[in-house]
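Open the model in your viewer and keep the sequence panel beside it. The tour goes from one selection to the next.

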Amino acid sequence: VNPGIQNDFSFYRRSRNQRRINKPDVVSNIQEEVTNRMSLFYAYPTPMMNSLRETIVKFLTKDEMQGQSLRQNVTTTLA
């Protein structure tokens, strides 16, 4: 998932809600239910796991000196 797309779509939804409050007579082509479903489609299914994965990858790739033993310890800990 591209975070840029997710952020842009969130901005669209916020703008749409503000427009609906400020100008209730303006009709949108896309129903709110559709935007909610699209938001779930673009969102990370498990944000915590995504964050954990990114942190582990950064940790393992930043220090190549310790190499295989570090990877073994991390793999054993997560198993």
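In which helix is the place of R16? Select R16: its place is in helix α1 (residues 3-22). Helices here are DSSP runs of H or I with at least four residues, strands are runs of E with at least two, and both are numbered from the N terminus.

Two notes on reading the model. Residues are numbered from 1 along each chain as its sequence is written, and side-chain values use heavy atoms, with hydrogens and water left out. The model is predicted: local features need pLDDT of at least 70, side-chain atom pairs count only at pLDDT 80 or more, and totals for chains, interfaces and linings use all residues.

**Whole chain.** Zoom out. The chain has four helices and zero strands, in the order α-α-α-α from the N terminus. Of its 79 residues, 13% count as buried; buried means under 20% relative accessible area, exposed over 50%, and partly exposed in between (1.4 Å probe, protein chains only).

**Around R16.** Return to R16 and show its surroundings. Leaving aside neighbours within four places in sequence, R16 is in contact (heavy atoms within 4.5 Å) with S28, I30, Q31, E32 and T35. R16 is buried yet has no salt bridge; that term requires a side-chain nitrogen of Lys or Arg within 4 Å of a carboxyl oxygen of Asp or Glu. The nearest side chain of opposite charge is E32, 4.5 Å away. Lys and Arg count as positive, Asp and Glu as negative, while His and the chain ends are not counted.

**The salt bridges.** Which residue does E32 form a salt bridge with? Select R20: its closest N and O atoms with E32 are 2.6 Å apart. The pair links distant parts of the chain, with E32 in helix α2 (residues 32-42) and R20 in helix α1, twelve residues apart. E32 counts as partly exposed at 33% relative accessibility, and R20 does at 41%.

The count comes to two salt bridges. For the other, select E33 and R37, whose side chains meet at 2.9 Å, N to O. Both lie in helix α2, four residues apart, about one turn of the helix. E33 is partly exposed at 47% relative accessibility, whereas R37 is exposed at 58%.

**Helix α3.** Now select residues 47-62, which form helix α3. Which residues of α3 are buried? Colour N50, I56 and L60. They sit on the same side of α3 because they cover an arc of only 130° around the axis, taken from the directions from the helix axis to the C-beta atoms. Finish on the other side of α3, where P47, M48, K58 and K62 are exposed.

Technical notes:
Expected span 1.5 Å × (residues − 1).
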